[in-house]
Structures are given as structure tokens and as C-alpha cells.
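Please open the model in your viewer and keep the selection panel at hand.

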Amino acid sequence: MSAAFEHPDVVLCPGGPMLLRGDHVVEDADGVRHRTTRAVTAVCRCDKSASFPWCDGTHKVLPDRLRPA
Ligand code: FES
């Protein structure tokens, strides 16, 4: 198995964020582009984060029906 498969750049966490490894550009719903600056960045998929587009952990307190698949 290649290193890319063992350490993918994009990981979808069930019920939680999308993890991005390395340098990426995330475009929000308003078309604003944000660069990732950390080794691993958590991008919100539940739309409830107070620091959108980044995950702030809010998904953990949401009922299952409001959490991303
Ligand atoms: S996925 Fe974590 S706050 Fe939205």
C-alpha cells in the first residue's frame, strides 16, 4: 500500500469534521478562501461551529440527527 493511502490528505470523521493534512485552501460559502496553517486542520461539516469554516468541537454536543454522516 502506498504512503498516500496510509496517510491520506483528507479524512472524513463520522459525525464530525473533515481533517486536512498539510497545505490546502478551503473556500467558504461566501467564496472567501482560507489557507490551512497546521499540520492537520479540522474543517467543520455540521455548519454549527462558531469559528466556521474550522471545527470548534460543537458537533460533539449536537443530537445525532444534526451531525454529519
Ligand atoms: S464539525 Fe465540528 S463543529 Fe462542526
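Start with the largest cavity, whose volume is about 30 Å³; a cavity is a set of points, on a 1 Å grid over the protein atoms alone, where a 1.4 Å probe fits but cannot get out, and the volume is the space filled by probe spheres set on those points. This is a predicted model, in which local features need pLDDT of at least 70 and side-chain atom pairs count only at pLDDT 80 or more, while totals for chains, interfaces and linings use all residues. Residues are numbered from 1 along each chain as its sequence is written, and side-chain values use heavy atoms, with hydrogens and water left out.

To display the lining (residues with an atom within 4 Å of a point), select G16, P17, C44, R45, C46, S49, C55, D56, G57, T58 and H59.

Next, select T58, which sits in the segment after β5 (40–43), strands being DSSP runs of E of at least two residues, numbered from the N terminus. Because its relative accessibility is 22%, T58 counts as partly exposed, a class lying between buried (under 20%) and exposed (over 50%), with a 1.4 Å probe and protein chains only. Its side chain is joined to that of D56 by a polar contact of 2.5 Å, that is, a pair of N or O atoms within 3.5 Å, one able to donate a hydrogen and the other to accept it.

Finally, move to D28, in the loop between β3 (25–27) and β4 (33–35), where its side chain makes a polar contact of 3.0 Å with the side chain of H34.

Technical notes:
Helix = DSSP H or I, 4+ residues; strand = E, 2+ residues; numbered from the N terminus. 1 Å grid on protein atoms, 1.4 Å probe; cavity = no way out; pocket = protein on both sides within 12 Å on 5 of 7 lines; lining within 4 Å.
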